[in-house]
Amino acid sequence: MSRAWIAALVLLAIAVAVDVARGVPYLFPGFWAAFGLAGAALLIGLAKGVLKGLIQRPEDHYEALRRD
Amino acid sequence: MIELPTAVIFFVGAALLGLLPQRAHGAVMLGVPLVALAHVATLEVGATLPATFFGFDVEVVRADALSRAFGVVFAMAAFLAGLYGLRLMRTGERAAVLVYIGSAMGVVYAGDLLTLFAFWEIKAITSALVIVAGGTRWSAQAGLRYLYVHVAGGTVLLAGVLVHLGTTGSLAFEAMTLDSVATWLILIGFAVGAAIPPLHAWIADAYPQASVAGTVFLSAFTTKAGVYVLARGFPGVELLVWLGVIMALYGVVFAVLENEIRRLLSYHIVSQVGFMVAAVGLGTELALNGAVAHAFAHIIYKGLLLMGAGAVLYAAGTSRLTELGGLARRQPWVLVLFLIGAFSISGVPLFSGFVSKEMSIEAAALLDRDVVEAGLKLASVGTFLSITMKVTWFAWFGTDRGVAVRPVPASMLAAMGLAAAINIGIGLYPAPFYDLMPFAVDFAPYTVGQVSTVVQLLALTAVGFWLLVDVAAPKRALTLDTDWVYRGLPAVLARRRARVAVPAGEPAPGPVAGLRHAASRGLAPLAALQQRLAVPSDPARPNRADVVPSWELGSIVLVVAVALLGIGILL
């Protein structure tokens, strides 16, 4: 099912990708579609790839600190 | 309409709870917001209520277009959350909630800094009680931490107000610039209320510990009163633009990490308030309209989202995504209503967030602030990613873990339905909503360019989520935040000190032990109070109040003492 969803969403983005020359420079039609895809990958990568290892602890972290 | 502080209506409502039998309390919770809504809607712009307080000339009411927008939405939120909590709340929690809302109303109608401070502090104390009323020992601990953070923030605010009075001789609450110690202190005090990083961690720490209904109330007033005071006091301050963009991104990154739905949504309060703070910093009429419009819409859609999260917690006994999945068939209406909230916060066209959020982004674009515009658009990506996609997928679809659900009261669904209708109404026909803004609105949301941009952005965000769904899957964990400074650091230091100085098995001697002992004794009344406030409606969280660990209290007493010392030095 997810492949069908992906195809439908990409087609939707292509259908509405019109060039509007204002604001953040439009380098090519569909700039914001690429921005959305890259942004999603960046945020997931930053959170799950970098921060998870640095700042995630077991749920009882603070209780464990107090018990020690 | 008489120029009575709207706060009084809520305070009288709280008193009525003590006088009327319990079966009438629901009517009070619904009637008081309606009376307040009629009052704020008819309070004429320009109305004032001057008074004298300890020799100071104060203005208890100062009604203008800015305060009216907040007053109207506060009354609406009070009604929606009151309806949602109709079958869930006990008398103590209801009374705390009414005084809390009244004090938030007091803040938005305060014409001077002294009145503002008085209501600000009542708000801090009563909102802490709402958290404590969550009924677990975690609620008591988080409520205390929340109280001390806000008391510390309030102390800095008071210091700023007093220095401001001393140097300018004025208590008037008007637009300020960051050109003195006083205005910096006032800004820091406001920043605690608006949850501006690094002073934001109380929100994800405390809000998820309140009761199912309590969290819905909390989400509406504290941070939005913070946005109001920033819009009134510091419009056009450049620092706020950057703090706002940082907030907007900070909140969504943490939301991508979060597992518990109400904690995830709390980070989205930080993120969404970031849009408002950035818009306040931009300072143009369009930007300030954008900040107020987004605060208004946010109160309604975030209320709806937290109602949905609460409905899951109430029905399934958990709101951890790792324990949910496949609820769609068992909770179809909650799913549909939650999705309306999710589309609203994500700024999908035809929903409220679209007509409010795009105003701030457009304001940045018109000022050629490309980095600000791109930062806010990236935050929009993260919002859609972590709420509409992640929460919806892992709670209602994904792996069906066969969680049994009990039906939720009709009043909860009715409140969600009404909030959803308001979100769609604002999205479809924004004209009356725009009429409430402080300046005449010269903005058309439904242009080809704007709709195209948002549809492209969100469609491919969804694609990104599908492609990385396994990576984005939530994990059961605690995410450390800046609250580590007062939650983790004291324990780490105490452990280090104990290792160095005290032989194993012996208690630590000296003033620390004395403070701990005194604090643990002092907490007994709090535990008793919590028993009275506690809500027994949540099956997952037994109604039991344990004594709050004393080291936390000790460390927080220290923070307050340092703050008071700071005032002493400044004066």
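Contact here means heavy atoms within 4.5 Å. In this predicted model, the contact between the two chains takes 56 residues from chain B and 45 residues from chain A.

**Interface of chains A and B**

- Together, chain B and chain A bury about 4,500 Å² between them, and 71% of this area lies on carbon and sulfur atoms.
- Two salt bridges are found across the interface of chain B and chain A.
- A salt bridge joins the side chains of B:Arg320 and A:Glu59, with an N to O distance of 2.8 Å.

**Helices H4 and H5 of chain B**

- Helix H4 of chain B (residues 91–109) packs on helix H5 of chain B (residues 113–132) at an angle of about 155°, and their axes are 8 Å apart.
- Because angles over 145 degrees count as roughly antiparallel, H4(B) and H5(B) are described as roughly antiparallel to each other.
- H4(B) and H5(B) make a left-handed crossing.
- On the H4(B) side, the contact is formed by B:Glu93, B:Ala96, B:Val97, B:Val99, B:Tyr100, B:Ser103, B:Ala104, B:Gly106 and B:Val107.
- Facing them in H5(B) are B:Leu116, B:Phe119, B:Trp120, B:Ile122, B:Lys123, B:Thr126, B:Ser127, B:Leu129 and B:Val130.
- By class, the contact of H4(B) with H5(B) comprises 12 nonpolar, four polar and two charged residues.

**Helices H12 and H14 of chain B**

- Helix H12 of chain B (residues 285–316) and helix H14 of chain B (residues 352–366) pack with their axes 8 Å apart, at an angle of about 155°.
- This angle makes H12(B) roughly antiparallel to H14(B).
- The crossing of H12(B) with H14(B) is left-handed.
- H12(B) contributes B:Leu286, B:Ala287, B:Asn289, B:Gly290, B:Ala291, B:Ala293, B:His294, B:Ala297 and B:Tyr301 to the contact.
- H14(B) contributes B:Ser352, B:Gly353, B:Ser356, B:Lys357, B:Met359, B:Ser360, B:Glu362, B:Ala363 and B:Leu366.
- The residues in the contact of H12(B) with H14(B) divide into nine nonpolar, seven polar and two charged.

**Helices H14 and H15 of chain B**

- H14(B) also packs against helix H15 of chain B (residues 370–396), at an angle of about 155° and with the axes 8 Å apart.
- The direction of H14(B) is thus roughly antiparallel to that of H15(B).
- B:Lys357, B:Ile361, B:Ala364 and B:Ala365 of H14(B) are in contact with H15(B) through B:Val372, B:Glu373, B:Leu376, B:Lys377 and B:Ser380.
- The contact of H14(B) with H15(B) has five nonpolar, one polar and three charged residues.
- B:Lys357 belongs to the contact of H14(B) with H12(B) and also to the contact of H14(B) with H15(B).

**The loop between H7 and H8 of chain B**

- B:Pro198 lies in the loop between helix H7 (181–193) and helix H8 (202–206) of chain B.
- The peptide bond leading from B:Pro197 to B:Pro198 is cis, with omega near 5°.
- B:Ala195 is also placed in the loop between H7 and H8 of chain B.
- Its phi is near 60°, a positive value in a residue other than glycine.

Notes
Residues are numbered from 1 along each chain as its sequence is written. Chains are lettered from A and ligands numbered from 1 in the order in which they are written. This is a predicted model: local features need pLDDT of at least 70, side-chain atom pairs count only at pLDDT 80 or more; totals for chains, interfaces and linings use all residues. Side-chain values use heavy atoms; hydrogens and water are left out. Axes are lines fitted to C-alpha atoms, for helices over the stretch in contact, and angles run from 0 to 180 degrees between N-to-C directions. Helices (H or I, at least four residues) and strands (E, at least two) are DSSP runs, numbered from the N terminus. Angles under 35 degrees count as roughly parallel, over 145 as roughly antiparallel, 65 to 115 as roughly perpendicular and the rest as oblique. A crossing is left-handed if the near helix is turned anticlockwise from the far one by less than a right angle, and right-handed if clockwise. Ala, Val, Leu, Ile, Met, Phe, Trp, Tyr, Cys and Pro count as nonpolar, Asp, Glu, Lys and Arg as charged, and the others, Gly among them, as polar. Buried area is the accessible area (1.4 Å probe) that two parts lose on being put together, summed over both. A salt bridge is a side-chain nitrogen of Lys or Arg within 4 Å of a carboxyl oxygen of Asp or Glu.
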